[in-house]
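Visitor: I am new to this structure and would like to be walked through it. Could we look at it together?

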Amino acid sequence: MAKQDVDNLPENRRKRIKRLKKLIVGTVIAAIVIPVILCIFFGVRLHIVKKDLDNSRAQMEAMREELEQYSSEVEDSVLVEAPNNMQSATQNFDGEGSIINSRTTLTSTGNENANSSQDAETADGKKRVYLTFDDGPSDNTEEILDILKKYDVKATFFVVGNTSEHGQELLKRIVEEGHSIGIHSYSHKYSAIYDSEESFFEDFSKISDYIYDVTGVRTQICRLPGGSSNTVSKISMAELVRSLNEQNIECFDWNISGGDASGQKLSASAISNNVLKGIDRFQTAVVLLHDGADKDSTVEALDIVLKELTENDEIIIDKITENTPVILHISL
C-alpha cells in the first residue's frame, strides 16, 4: 500500500498498519539477532567447557602418571624384615628331579640378592630360573612372546584386566604357546584393591573370571600387586595369602628384580645386568620383570638375558605352576 493511500485511511486503521509493520520488522530482527546471540553464547560456553575438559584430562593424566610411578616404586621394593634375611622350607622331589608339591618361603629385608647358600638346592644341582612378567598384556607382551618363542623357553605372565580385542588375543596366545598365566589384579589400583578384604576378592574374582572366559584356564597362581610385603594395604597381607592358599591359590613374590619398575627408566643393559647378577646368587630364581606398554627396555633386555642363559647347560628356564617353590617376602 502506497504511503499516500495510507495517509487517506482513517486514523485508527493507520495506527494498526504502523503497529503491524513494527511487529514484522521486530520479528525479522529477532529472527536474525537471537540465533546470532545464541551462537555466540553457546560458542563461549563450548570453549569454556572444552578448556575445563582439557584441564581435567591434564590433571587426570598427571595423577595417573604419579600413581603408576608410585605403584612401580612400591612393587620394586621389598620391605619386610626377618631374623636371618631368608628362611627356606624343605622341598620334595621325585626321581626325575622335578619339583613336586614344594613350598619354599623366602623373606628379605630388601636385599633380593641374599646369600645363595641359604637358597634351597635343586635335586639335580641345576639352577631353576622363572622369568615372570607383570602388568600386561600390551604390545610389548607380543614382542616378549616372540623372543620367548625364538629361544624356545616358557615364562609366566601375571596379567591385569586389559579387555581390548588385542589384549584378549595376547591372553590366548600366552596359553596356546604353553606359558603360565597368573592373576595380578583387574584394576591394579592399590587404593581400591587393598581397601578391604572384600574389595580385594571382588577385584581378584573379576580378573580370575575374565582370564577363564577368554582362555578357558582357571589359574591357581597369583602375584599380589606390590608384592606380599607392600605397605599400602589396609588389610593383613599374611591373612590375605592364607585366605588365597585355602582356595588353592599360590602367591608368588620374587627374589630377583630387573629394576624395570623403578621410577628411573633403566636401559636394557642395566636391566639385563640386574637379572644375570641375581641369577648367579640363587639356585632357584624368580625374576620380576614387567611387560606394560612403556617397558620397551625390558623387551630389549630379555633378548640379552636369554642369549646368555640358554647357552648355559646348568640352567633350566621354566614357567611357574602351583607346584613351583613359593617365594614370599613375608612369613606366614
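**A guided conversation**

Visitor: What am I looking at, and how many helices and strands are there?
Guide: This is a predicted model. The protein has nine helices and eight strands. Of its 332 residues, 45% are buried.

Visitor: And how much of the contact comes from residues 24 or more positions apart?
Guide: Among contacts with a separation of 6 or more, such residues account for 80%.

Visitor: Which residues of α4 are buried?
Guide: They are Gly167, Leu170, Leu171, Arg173 and Ile174. These residues cover an arc of only 165 degrees around the axis, which puts them on the same side of α4. Glu165 and Glu176, on the other side, are exposed.

Visitor: Why would residues a few places apart point the same way?
Guide: An α-helix has 3.6 residues a turn, so residues three or four places apart point the same way.

Visitor: What do the buried residues of α4 pack against?
Guide: Their partners are α3 (139-151), β2 (156-159), β3 (180-183) and α6 (197-215). After α4 comes Gly178, which has a positive phi, near 85 degrees.

Visitor: Which residues of α8 are buried, then?
Guide: Helix α8 has 14 residues, 268-281, and reaches 21 Å from its first C-alpha to its last, close to the 20 Å expected at 1.5 Å a residue. Its buried residues are Ala268, Ile271, Ser272, Val275, Leu276, Gly278 and Ile279. They cover an arc of only 160 degrees around the axis, which puts them on the same side of α8. Lys277 and Asp280 are exposed on the other side.

Visitor: And what do the buried ones pack against there?
Guide: The buried residues of α8 pack against β1, β6 (256-257), β7 (284-290), α9 (296-309) and β8 (315-318).

Visitor: Changing topic: how many aromatic pairs are there?
Guide: A search of the whole structure finds eight. In one of these pairs, the rings of Phe133 and Phe157 have their centres 5.2 Å apart and their planes at 20 degrees; planes under 30 degrees apart count as stacked, so this pair is stacked. Phe133 lies in strand β1 (residues 127-134) and Phe157 in strand β2, so the pair ties together parts that are 24 residues apart in sequence.

Visitor: Are those two buried or exposed?
Guide: Phe133 is buried, at a relative accessible area of 0%. Phe157 also counts as buried, at 1% relative accessibility.

Visitor: What about Tyr190 and Tyr194?
Guide: Their ring centres are 6.2 Å apart and their planes at 65 degrees, so the pair is edge-to-face. Both Tyr190 and Tyr194 are buried. Together with Phe200, Phe201 and Phe204 they form one aromatic cluster.

Visitor: What lies over the face of Tyr212?
Guide: Arg218 does, at 4.6 Å from the ring centre.

Visitor: Last topic: where is His184?
Guide: His184 lies in the loop between β3 and α5 (190-193). At 3% relative accessibility, His184 counts as buried.

Visitor: What does the side chain of His184 reach?
Guide: The side chain of His184 reaches the backbone oxygen of Arg223 at 2.9 Å. It also makes a polar contact with the side chain of His188, at 3.2 Å.

Note on methods. Residues are numbered from 1 along each chain as its sequence is written. This is a predicted model: local features need pLDDT of at least 70, side-chain atom pairs count only at pLDDT 80 or more; totals for chains, interfaces and linings use all residues. Side-chain values use heavy atoms; hydrogens and water are left out. Buried means under 20% relative accessible area, exposed over 50%, partly exposed in between (1.4 Å probe, protein chains only). Helices (H or I, at least four residues) and strands (E, at least two) are DSSP runs, numbered from the N terminus. The arc is that of the directions from the helix axis to the C-beta atoms. Contact means heavy atoms within 4.5 Å. Rings of Phe, Tyr and Trp (its six-membered ring) pair if their centres lie within 6.5 Å; planes under 30 degrees apart count as stacked, over 60 as edge-to-face and the rest as tilted. A charge sits over a ring if NZ of Lys or CZ of Arg is within 6 Å of the ring centre and within 35 degrees of the ring normal. A polar contact is a pair of N or O atoms within 3.5 Å; within protein, one must be able to donate a hydrogen and the other to accept it, and residues adjacent in sequence count only if both atoms are side-chain atoms. The expected span of a helix is 1.5 Å times one less than its number of residues.
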